[in-house]
Amino acid sequence: MEPTELMWSTGDKNPLAYYRQMPGVKRLVVYFDTVPGEVVERARIDQVLELLATMDLGFAVAETFVISNAIKLELPERDQHIEAYCQTLRNYGAALRAWGSEGPYRVCYDFMGPENWWRNLLAVRDEQDRVCIGYDPREPEPGLEQLGEGPRLGYPERYTDAEYERLVGLYKERGEEGLWSALAYFLKAIIPVAEEEQVLMGLHPDDPSFNVRGRPRIVKDRAALKRVVDIVPSASNGITFCPGSLATNRDNDVLAIAEQLWPHFVFCHFRNIRFLAEEELDGEWAFLETYHEDDKGAVPIPALLKLLHHKGWSGPYRADHAPGLYGHDLNFGYGLVSRAQGMSYLQGILAGLNAA
């Protein structure tokens with residue numbers, strides 16, 4: 001298994017040299033701050049590859065080329081946006097080949113909307129004074145004023161309140177089967193292009209993995225992930241395994257999911273959560289993101305790594321969301337210090353497994 005870490009193609013708060021200092025990390029996962037529905041040009045990808053090369057770092061995964069609301073809602077501009085996405089994949093494959101990278105190449109993406117990952121607890125301190133984020137259906141939604149000038153959490157589009165409410169209404173109107181229809185149409189269009197370009201597409205589960213305040217979510221359990229890979233049977237149609245997302249739904253057995261579906265894993269995220277209430281709350285669960293090593297955590301990270309190690313899975317993985325530590329910037333779960341500590345925890349488990 002290959003340790004990686006996430007950087008942002010634009011606006012990263014950390015100098016690239018900091019990522020180079022992380023032990024064992026030779027290649028980075030890059031979040032592309034793209035405009036949904038538009039082509040990511042070859043020059044943009046080349047620029048990122050050139051930047052990485054200045055620090056002798058490689059490129060592991062694109063996370064993510066964002067899928068537009070028009071594709072998910074099957075609006076009139078859907079086919080135009082899908083063709084733009086296909087051209088992005090062509091540019092991605094061409095750029096990596098030109099830099100001498102051998103395939104397969106990898107993309108992590110999601111099919112959530114109009115938000116991406118959804119939280120309404122933005123700065124909760126745990127008993128060790130770490131600053132955590134989470135979700136509690138008993139608490140109100142975060143307003144735009146809480147999020148400053150940035151987009152709503154996890155989604156790279158800026159909405160006015162009116163635009164946002166309109167989109168929420170459209171998603172509720174489409175419902176789950178409407179989203180499944182849109183996902184199937186999208187995969188049937190882009191997977192042949194991904195195959196030509198040696199790109200492995202890894203769909204990330206919905207985060208959290210349950211319907212949030214009436215908004216439909218579809219990629220939220222083992223049956224849904226199996227349905228995804230069966231839409232277009234292909235090595236290019238795979239899964240980004242994120243047990244921390246799947247575990248937000250207490251009905252999910254993440255070890256059983258990994259046991260059944262690990263051959264389809266393109267990429268892995270590891271994070272941990274604690275539940276804030278024992279009971280289900282109208283189909284939702286309250287949780288807080290916590291440190292990767294946490295005896296109160298709901299994600300069996302050592303057992304998952306042992307399973308993947310014994311299966312011989314050798315793809316890239318990274319430490320995902322973690323609390324803010326030592327007074328460092330929380331950055332909505334992406335503080336570099338806490339992610340680096342999380343990565344050391346994951347690497348330590350795998351080193352023990354390799355030595356056994």
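Predicted model: local features only at pLDDT ≥ 70, side-chain atom pairs only at ≥ 80, totals over all residues.
**Notes on the barrel and its salt bridges**

1. What do the strands build together? Eight strands close into a barrel, in the order E1-E2-E3-E4-E7-E8-E9-E12, and the pairing is parallel. On average, neighbouring strands of this sheet are turned by 35° against each other, direction ignored. As background, strands of a sheet pair through backbone hydrogen bonds, in either a parallel or an antiparallel way.

2. Helix H9 (residues 301–311) touches strands E8 (237–241) and E9 (265–270), and the angle between its direction and that of E9 is about 155°.

3. On to charges. Side chains of opposite charge can pair when their charged atoms come close. The search of the whole structure turns up 26 salt bridges. One of them joins Glu197 to Arg97, with the closest N and O atoms 2.8 Å apart. Glu197 sits in the loop between helix H5 (161–196) and E7 while Arg97 belongs to helix H4, so this pair ties together parts that are 100 residues apart in sequence. Are the two partners buried or exposed? Glu197 has 10% relative accessibility and counts as buried, whereas Arg97 is partly exposed at 38%.

4. Another salt bridge to look at is Glu177 with Arg227, at 3.2 Å from N to O. This one also links distant parts of the chain: Glu177 is in helix H5 and Arg227 in helix H6 (residues 222–231), 50 residues apart. Glu177 counts as exposed, with 52% relative accessibility; Arg227 is partly exposed, with a relative accessible area of 36%.

5. Glu289 lies in strand E11 (residues 287–290) and Arg271 in the loop between E9 and strand E10 (272–275), so to speak of sequence, they are 18 residues apart. Glu289 is buried, with a relative accessible area of 2%, and Arg271 is buried with a value of 2%.

6. What about empty space inside? Rolling a probe the size of a water molecule over the atoms shows where empty space is left. The count comes to two cavities of 30 Å³ or more, and the largest cavity holds about 80 Å³ of space. Its lining is made of 15 residues, with Val35, Gly37, Glu38, Val66 and Tyr85 lying nearest the centre. H4 gives the most to that lining, with four residues.

7. Ser236 is in the loop between H6 and E8 and is buried, with a relative accessible area of 6%. Leaving aside neighbours within four places in sequence, the contacts of Ser236 are Ile191, Ala194, Glu195, Val199, Leu200 and Met201.

8. Two cis peptide bonds to check in the backbone. Gly103 and Pro104 are joined by a cis bond with omega of about 5°, and Pro104 is found in the loop between H4 and E4. The bond from Asp207 to Pro208 is cis as well, with omega near 0°; Pro208 lies in the loop between E7 and H6.

9. Last, a couple of positive phi values. Glu74 is not a glycine, yet its phi is positive at about 55°. Glu74 lies in the loop between helix H3 (69–73) and H4 and is partly exposed, with a relative accessible area of 25%. Asp282, another residue other than glycine, has a positive phi near 55°. Asp282 sits in the loop between E10 and E11 and counts as exposed at 82% relative accessibility.

Note on methods: Residues numbered from 1 in each chain as written. Heavy atoms only, no water. Pairing = 2+ DSSP bridges. Helix = DSSP H or I, 4+ residues; strand = E, 2+ residues; numbered from the N terminus. Axes fitted to C-alpha atoms, helices over the stretch in contact; angles between N-to-C directions. Contact = heavy atoms within 4.5 Å. Salt bridge = Lys/Arg side-chain N within 4 Å of Asp/Glu carboxyl O. Buried < 20%, exposed > 50% of the residue type's maximum accessible area, 1.4 Å probe, protein only. 1 Å grid on protein atoms, 1.4 Å probe; cavity = no way out; pocket = protein on both sides within 12 Å on 5 of 7 lines; lining within 4 Å. Points joined across faces, edges and corners; volume = space filled by probe spheres on them.
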